[in-house]
Amino acid sequence: MILDGKAPTGRIEESWDKHRFELKLVNPANKRKYKVLVVGTGLAGASAAASLGELGYNVEAFCYQDSPRRAHSIAAQGGINAAKNYPNDGDSIYRLFYDTIKGGDFRAREADVWRLAQVSNNIIDQCVAQGVPFARDYAGYLDTRSFGGAQVSRTFYARGQTGQQLLLGAYTALSRQIKAGSVKLFPRTEMLDLVVVDGEAKGITVRDLVTGEIRTHVGDAVVLATGGYVNVFYLSTNAMGCSVTAIWKAAKKGAYFANPCFTQIHPTCIPQAGDYQSKLTLMSESLRNDGRVWVPKKKEDCNKPPNEIGEDDRDYYLERKYPTFGNLAPRDISSRAAKEACDDGRGVGPGGRGVYLDFAASIKRLGENVIRERYGNLFEMYERITDEDGYKQPMRIYPAPHYSMGGLWVDYNLMSNIPGLFVLGEANFSVHGANRLGASALMQGLADGYFVIPYTIGGYLAAAKPGKVKPDHAECLKSIADVQETEKKLLGVNGKRTVTEFMRELGSLMWNNVGMGRSEASLTEAIQKIPAIREEFWKNVKVSGGGMETNQQLENAGRTADFFEFSELLARDALHRNESCGGHFREEYQYPDGEAKRDDANFCYVAAWELKGAGQEPELHKEPLKFENVHLAVRSYK
Amino acid sequence: MSAQASGHGTMNIKLIVWRQAGPDKPGNFETYEAKGITPHHSFLEMLDVVNEDLIKQGKDPITFDHDCREGICGTCSAVVNGVPHGGQKRTTLCQLHMRKFKDGDSIYLEPWRARAFPIIRDLMVDRGALDRLIQAAGWISCHTGGVPDGNSTPIAKRDADYAMDAAECIGCGACVAACPNGAAMLFGGAKVAQYAALPQGQVEAPERVAAMIQAMAENGFGNCSNHYECQAACPKGIDVKFITRLNREFYKALVLDKVGATPPKKS
């Protein structure tokens, strides 16, 4: 089937304004009759719940954490992009749009990206009004910095904790609505199923993580803002609780899963230290503004202390290969270049899986104080984890799974193919194409929540009768029974291996075969091996405790079971896409100099997968992508 | 805190952990052995090792709150040898590493203990009271949309920096756990001070502080008696000067006759 993204036609500059006018409105007096269920309270979910509550809808908000403020948006460090052009350096909505389309390697829908760039400026205003303490210059105006993939300074920041400050802004807006009674909050509550009635999303089934109670909440629309899925690699920069579960359950109820193979590997993370490790820690890519990335030219220098390796014996490979963008080359390119250097035997640190990020030149030029002011918290974090002082010797970094560009397929209204199911933020596939630029995730989360869904959800609800489905509906009861059945199965296996052992095995297979470099052979092997490990999981996993109690092992087991199913789809998508683009690098498809070789003639589309049930191959639907404003071109950062 | 561990050998640690099956169940200390721990293990990774062991023995693993494991979400929370987060300066429990301990050490692990934080299970507590303080009035009432340009009001760098110092709070509740009175003054003070320092926060400043102070009492938090344990325990280095600011804002609200007044409702 050919999918229609329902993007508006006509001049792109007017597309969102025109569309907003054409959307149906819900009468203010009727809004409270509609119940909207918002799952996830990160930037997208919290801003959506707050804005919808403020408009007068009856909102219920759910998060698995003990407080909405702990969603993983909190961990974003570097900043948020906006086309304000405050520095007068040539930025514009068009340039942000252009950079994002190009940065995503031409795999995003133009109209969605334009809208994102257009509302980016409103986000900054909104956050300032909320009391977000953005960095300011000495005259009191907002300060900006540069980020990878752009040649203008358009990134607004709050020290190294921009995500935290933006999330707390959205969290306070949400808290205000909770007080006002327009939003009801359900913390420590995990969504485990989507309830679909007559083809429309009308509820969710959740587990209360404290008592173990499984129940259904019904509503007139469901908004999923449940983040990304790169914990499928086991080790990633995501929080421990991040999972594919909510969107996977929706996919199993018929929502199409788009471009699952577009995953982002972030170049500046702290390398893995040992097998026991539970997660990888990211350091903001803003470090690349002042840090220079290098490896030794000669393999035999790799074990020498870095300060003993002479300037002539260092390979500043990003500056060498990409003189225009240098150390600020986009994430996918920087990550792959690090892998190449390490594959070439020139990596440093444990296992030879690391490259240097060196601040010596900047410290000499600007002084240690300036570097400390800009990145002090990151240097502290590095020292706490590695016991090394980044001011005295270069940091060691290595790429790590960080973000998923893929997600549930949505149209221009952010509605999935299931009417009434909206998907926001990292959980959808929309604006980042095959690679997300730095400081654009925060922008998308807040754009979707503050400035898109409040308009587009009205277009759906205006035509829907409120309160159609009651909690005793047969579909609700069936959903509860299904969730209970799965839980019973997990608790009943009583095998020999722990959940973590299984997830580690799956993650390692995914990282080695479906990670930074993928080939037909590695992907075929992964697709063969995943079902075998999955089968063993269901025969030999050991989940301690019971269902009707606080049980973290059971929570993990459920998420792991979903990763076991989803990982196969990810690998299949990667195998079908016979091209390299953005974060998806197929080793067979590259230019002689190692650059990604895109195939626009055959793959200029969104791949949206429809699940067909256990044991059946998923069906591929395509949404062709048209580029009318930015011309398809080979992406070059040289 | 134990002396710096030296070398890169592995260590065995004795863990004495508070176990409590549920809010209304009795609790007690149990002793476990953490074997083969390296200096590079984070504290929570050490707990992971112990839990994997417990599961294999057919015992219930230790329930503890954790999520980002990079010191920013504020989820992890346990008292280590009497000190919330374990006592390394500006460090959450998830960022504490085992190189700070040595082979043969005994470590006592307990949950946050405060009247406002009922125990859910083992080391996991209910910190909903902190959310309720924010819900009471910890915001600036601006609607989505219809706000002025971000640069329309210049804010002095010193004020923006001061607000940011306060805003770094991660809401973990260590300040409450460390306080002999179980007070949330540092947590509340940080929020009040952040907004009081900014022009956007002025309009509602008196109502905000009054409502938050009232909510502290209603949610079982104690009062401040200047022990400053909160500042010592805070993994983000939040300064007690923000409590001073909270007090000053509260007196201003008293003078303006705003104490006891209802905070702004949704309009």
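**View 1. Helix H16 of chain A is kinked at A:Glu565.** The model shown here is predicted. The kink in H16(A) is about 25° and is centred on A:Glu565. The helix spans residues 552–576, 25 residues in total. From first C-alpha to last, H16(A) reaches 36 Å. That is close to the 36 Å expected at 1.5 Å a residue. H16(A) is also mostly covered, with 21 of its 25 residues buried.

**View 2. Four strands of chain A form an open sheet.** The strand order is E17-E11-E21-E22, and the pairing is antiparallel. Strands E17 (407–408) and E22 (619–624) stand at the edges. Each has a single partner strand, so one side of each is left without a neighbour in the sheet.

**View 3. Strands E21 and E22 of chain A pair in the antiparallel sense.** E21 covers residues 605–610. The pairing of E21(A) with E22(A) runs over 6 bridges. One residue pair to pick out is A:Trp609 with its bridge partner A:Leu620, which lies in E22(A).

**View 4. Domain 1 and domain 2 of chain A touch.** Domain 1 takes in residues 266–402, and domain 2 takes in 478–624. Their C-alpha centres lie 30 Å apart. In the contact, 6 residues of domain 1 meet 6 residues of domain 2. Helix H9 (residues 331–343) gives the most to the domain 1 side, with 5 residues. By type, the residues of that side divide into 4 charged, 1 polar and 1 nonpolar.

Methods. Residues are numbered from 1 along each chain as its sequence is written. Chains are lettered from A and ligands numbered from 1 in the order in which they are written. This is a predicted model: local features need pLDDT of at least 70, side-chain atom pairs count only at pLDDT 80 or more; totals for chains, interfaces and linings use all residues. Domain bounds come from an automatic or database domain assignment. Two residues are in contact if their C-beta atoms, placed from the backbone, lie within 7 Å. Helices (H or I, at least four residues) and strands (E, at least two) are DSSP runs, numbered from the N terminus. Ala, Val, Leu, Ile, Met, Phe, Trp, Tyr, Cys and Pro count as nonpolar, Asp, Glu, Lys and Arg as charged, and the others, Gly among them, as polar. The expected span of a helix is 1.5 Å times one less than its number of residues. The bend at a residue is the angle between axes fitted to the seven residues ending there and the seven starting there. A residue is buried if 20 or more other C-beta atoms lie within 10 Å of its own, exposed if 12 or fewer, and partly exposed in between; C-beta atoms are placed from the backbone. Two strands pair if DSSP finds at least two bridges between them.
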